[in-house]
Amino acid sequence: MTPLAKKVYSLLDTVPRGKVTTYKALAHGAGTKAYRAIGQIMKYNPNAPETPCHRVVATNGTLGGYMGKTDKQTLQKKIDLLKKEGVEVKNNRILNFKNIFYSFS
DNA sequence: TATTTGACCAAGA
DNA sequence: ATCTTGGCCAAAT
């Protein structure tokens, strides 16, 4: 577990159910500008059920990826999880993204 | 120590 | 709306 990863994961725990956050927001909250590194952390440390990485999306509202993949099949699972929490997704895009976006103070 | 690599981002064309 | 470019920075190799 890398130092940045610890911060990121702890921040992820603060994201309420039914909301989503972004890689950039996580980086900002963690006090770094390495939003790209966030994605790498997820890829190399997939704690799938324990850490809600499915609530992390790109800034433009697209899903990004899930479990190290970007293919439609894998993303669909992510979508289902989000939908279960009340987040609507259409064509790999979050609906009402600005409304359910969660940022760290 | 050096190089490569992205589940990224913003700005142009 | 889509595509390309350049920048970004921690982690992996």
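## Surface near DNA strand C

Helix H3 contributes the largest share of the surface near DNA strand C, namely four residues, in what is a predicted model.

Phosphate oxygens of DNA strand C lie 2.9 Å from a polar side-chain atom of Thr-2 and 3.3 Å from a polar backbone atom of Leu-4. Arg-36, in turn, places a polar side-chain atom 3.0 Å from a base oxygen of DNA strand C.

## Largest pocket

The largest pocket has a volume of about 450 Å³, and its lining is made up of 21 residues, of which Tyr-23, Gly-39, Gln-40, Met-42 and Lys-43 lie nearest the centre. The elements that give two or more residues to this lining are helix H2 (23-30) and helix H3 (35-44), with H3 supplying the largest share, six residues. The lining residues comprise nine nonpolar, seven polar and five charged.

## Aromatic pairs

The count of aromatic pairs comes to two. In the pair formed by Tyr-102 and Phe-104, the ring centres are 5.5 Å apart and the planes stand at 85°, so the arrangement is edge-to-face, the cut-off for that class being over 60 degrees. Tyr-102 is partly exposed, with a relative accessible area of 25%, whereas Phe-104, at 12% relative accessibility, counts as buried.

Definitions and conventions: Residues numbered from 1 in each chain as written. Chains lettered and ligands numbered in written order. Predicted model: local features only at pLDDT ≥ 70, side-chain atom pairs only at ≥ 80, totals over all residues. Heavy atoms only, no water. 1 Å grid on protein atoms, 1.4 Å probe; cavity = no way out; pocket = protein on both sides within 12 Å on 5 of 7 lines; lining within 4 Å. Points joined across faces, edges and corners; volume = space filled by probe spheres on them. Nonpolar A, V, L, I, M, F, W, Y, C, P; charged D, E, K, R; others polar. Phe/Tyr/Trp six-rings, centres within 6.5 Å; stacked < 30°, edge-to-face > 60°. Buried < 20%, exposed > 50% of the residue type's maximum accessible area, 1.4 Å probe, protein only. Polar contact = N/O pair within 3.5 Å; in protein donor to acceptor, adjacent residues only side chain to side chain.
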